[in-house]
Amino acid sequence: MDKRKLKQYEIKLQELRNMILGMVERTEDYGREADRDVSQDPADKASNSYTKELLFSQSTNERNTLRLIDEALERVAEGAYGECTNCGEVILQKRLEAIPWTPHCKNCQELQEKGLLVEKEG
Ligand SMILES: [Zn+2]
């Protein structure tokens with residue numbers, strides 16, 4: 001991948017990272033507020049725990065994406081960005097434009113979704 005293109009992806013990844021970090025912080029603030037708001041009404045309590053559950057699963061997704069973004073930034077630093085971490089194939093630009101943090105080419109992504117991909121550690 002040429003240096004200018006790589007730099008563009010790096011900037012995009014860093015912007016996304018900041019954006020998600022901001023979202024995670026706001027979600028955590030909101031969660032703490034929900035904690036403080038102790039209500040005696042059982043209906044309120046139920047909706048409160050539902051909200052917390054929802055916020056938690058949301059922030060779990062955000063944290064997963066953050067991890068993938070961090071890993072993508074590491075690959076930028078190592079000069080391995082844009083190559084599938086599983087099979088080493090070059091990932092299509094179109095795919096990187098849509099999901100800049102993706103570690104896999106389309107084929108390997110499909111394998112992973114079917115549970116057929118065994119990720120090598122390290
Ligand atoms: Zn692959």
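This is a predicted model: local features need pLDDT of at least 70, side-chain atom pairs count only at pLDDT 80 or more; totals for chains, interfaces and linings use all residues.

User: What is the mean pLDDT of the protein?
Analyst: The mean pLDDT is 88, and 93% of the residues reach 70 or more.

User: Which elements have the lowest and the highest mean pLDDT?
Analyst: Helix α2 has the lowest mean value among the elements, at 87. The highest, 95, belongs to helix α3, which spans residues 93–98.

User: Turning to packing, at what angle do α1 and α2 pack?
Analyst: Helix α1 (residues 3–36) packs with helix α2 (residues 42–78) at an angle of about 155°, and their axes are 9 Å apart. Angles over 145 degrees count as roughly antiparallel, and α1 and α2 are therefore roughly antiparallel to each other.

User: Is the crossing left-handed or right-handed?
Analyst: The crossing of α1 and α2 is left-handed. Their contact comprises 15 nonpolar, seven polar and five charged residues.

User: Now the domains: what are their bounds?
Analyst: The domain assignment gives domain 1 as 1–81 and domain 2 as 82–122. Taken over C-alpha atoms, the centres of the two domains are separated by 21 Å.

User: How many residues does each domain bring to the contact?
Analyst: Domain 1 contributes 12 residues and domain 2 contributes six.

User: Which element gives the most on the domain 1 side?
Analyst: That is α2, with five residues on the side of domain 1 that touches domain 2. By class, this side of domain 1 has nine nonpolar residues, one polar and two charged.

Terms used:
Residues are numbered from 1 along each chain as its sequence is written. Axes are lines fitted to C-alpha atoms, for helices over the stretch in contact, and angles run from 0 to 180 degrees between N-to-C directions. Helices (H or I, at least four residues) and strands (E, at least two) are DSSP runs, numbered from the N terminus. Angles under 35 degrees count as roughly parallel, over 145 as roughly antiparallel, 65 to 115 as roughly perpendicular and the rest as oblique. A crossing is left-handed if the near helix is turned anticlockwise from the far one by less than a right angle, and right-handed if clockwise. Ala, Val, Leu, Ile, Met, Phe, Trp, Tyr, Cys and Pro count as nonpolar, Asp, Glu, Lys and Arg as charged, and the others, Gly among them, as polar. pLDDT is the predictor's confidence in each residue, from 0 to 100. Domain bounds come from an automatic or database domain assignment. Two residues are in contact if their C-beta atoms, placed from the backbone, lie within 7 Å.
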